[in-house]
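Thanks for coming, everyone. Let me put the model up, and then we'll walk through it.

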Amino acid sequence: MTAVPLKAVKLTDVRYQKGDELGHFLAWVSLVPVFISLGGFVSHFIFRRELQGIFFAIGLIISQFINEFIKKNVQQARPETCALLEMCDSQGWPSSHSQYMFFFAVYFSLLNCKGIGLWGIKNRWFMNVLHWSLAILTMYSRVYLGYHTVAQVFAGATLGILVGAAWFWVVNSVLFCYFPAIEESSLGRYFCLKDTSHIPDVLKFEYDNARAARNKTN
């Protein structure tokens, strides 16, 4: 009986040259999409259940399906440097990490421009700088660590920007009018889904209302 080669689940298996401190740092940067998906959006659904955040996450999932579809049809190999990492059993164009992060960055920026988010206006510039910096660092890390070529990460970034902007338009121009119906549906009520995009500073609003509710019980 012929032995079947085994494959590992490489969710966090990002490799770098031993002793390379910059490579070590960029390996952690390369895991930012994992942190956002598992830590950010899962926590968001558990604790907040905002419709804007839920559709944001749905868009990222759609973006990844598009990425996989293109990879399977284009079938462009990863660079030769990838052979040293033993990670060349998948296609390289376009970079899924770059696509994910630039989708995230452009969608987040458009939310901020529209005035939708947890933070007040004075803090939004910091969030924009943060997520665009992470997107650029992630793109750079994939080339530096040898997983992708420059062309592959730029293709991923471009696709992420286009898909992110298109999905933002779909959500906030087409689907937005259905948010009240989703809130009032039996499913929406069961999962406590809500839309607070009409509130300028959600954190301040919730803080004030939480204090007011506590004072009423005293």
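Start with a charge question: which side chain meets Arg189 in a salt bridge? The partner is Glu184, at 2.5 Å, N to O. By salt bridge I mean a side-chain nitrogen of Lys or Arg within 4 Å of a carboxyl oxygen of Asp or Glu. Arg189 is exposed, and so is Glu184. Exposed is over 50% relative accessible area, buried is under 20%, and partly exposed is in between, with a 1.4 Å probe and protein chains only.

Ground rules next. This is a predicted model, where local features need pLDDT of at least 70, side-chain atom pairs count only at pLDDT 80 or more, and totals for chains, interfaces and linings use all residues. Residues are numbered from 1 along each chain as its sequence is written, and side-chain values use heavy atoms, with hydrogens and water left out.

Now the overall layout. The protein has nine helices and zero strands. Helices here are DSSP runs of H or I, at least four residues, and strands are runs of E, at least two, numbered from the N terminus. Buried residues make up 40% of the 218 residues. A contact is heavy atoms within 4.5 Å. Of the contacts with a separation of 6 or more, 72% are between residues 24 or more positions apart.

Back to charges. A search of the whole structure finds two salt bridges. One of them joins the side chains of Arg48 and Glu50, at 3.6 Å, N to O. Here the burial is worth a look. Arg48 is buried, at 16% relative accessible area. Glu50 is buried too, at 6%.

Asp195 is buried yet has no salt bridge. The nearest side chain of opposite charge is Lys194, 9.5 Å away. For charge, Lys and Arg count as positive and Asp and Glu as negative; His and the chain ends are not counted. What Asp195 does have is a polar contact of 2.8 Å, side chain to side chain, with Ser197. A polar contact is a pair of N or O atoms within 3.5 Å; within protein, one must be able to donate a hydrogen and the other to accept it, and residues adjacent in sequence count only if both atoms are side-chain atoms. Leaving out residues up to four places away in sequence, Asp195 touches Glu50, Leu51, Gln52, Phe176, Phe179 and Glu183.

Pick up Gln52 from that list. Gln52 lies in helix α3 (residues 51-74). Gln52 is buried, at 5%. With the sequence neighbours up to four places away left out, Gln52 touches residues including Tyr107, Leu111, Val171 and Ser197.

A nonpolar core is a set of buried Ala, Val, Leu, Ile, Met, Phe, Trp, Tyr and Cys residues joined through side-chain atoms within 4.5 Å. The largest has 31 residues, and Tyr107 is among those with the most contacts inside it, along with Ile36, Phe41, Phe56, Leu60, Phe103 and Phe104. Helices α2 (32-47), α3, α4 (96-113), α5 (121-144) and α6 (150-175) each supply at least two residues of this core. Helix α4 gives the most, with nine residues. Apart from this core lies another, of six residues, among them Val14, Leu31, Val34 and Leu145.

Last topic: rings. The search finds 11 aromatic pairs. Rings of Phe, Tyr and Trp (its six-membered ring) pair if their centres lie within 6.5 Å; planes under 30 degrees apart count as stacked, over 60 as edge-to-face and the rest as tilted. Tyr107 and Phe168 have centres 5.2 Å apart and planes at 75 degrees, so the pair is edge-to-face. Tyr107 is in α4 and Phe168 in α6, so the pair ties together parts 61 residues apart in sequence. Tyr107 is buried at 0%, and Phe168 is buried at 11%.
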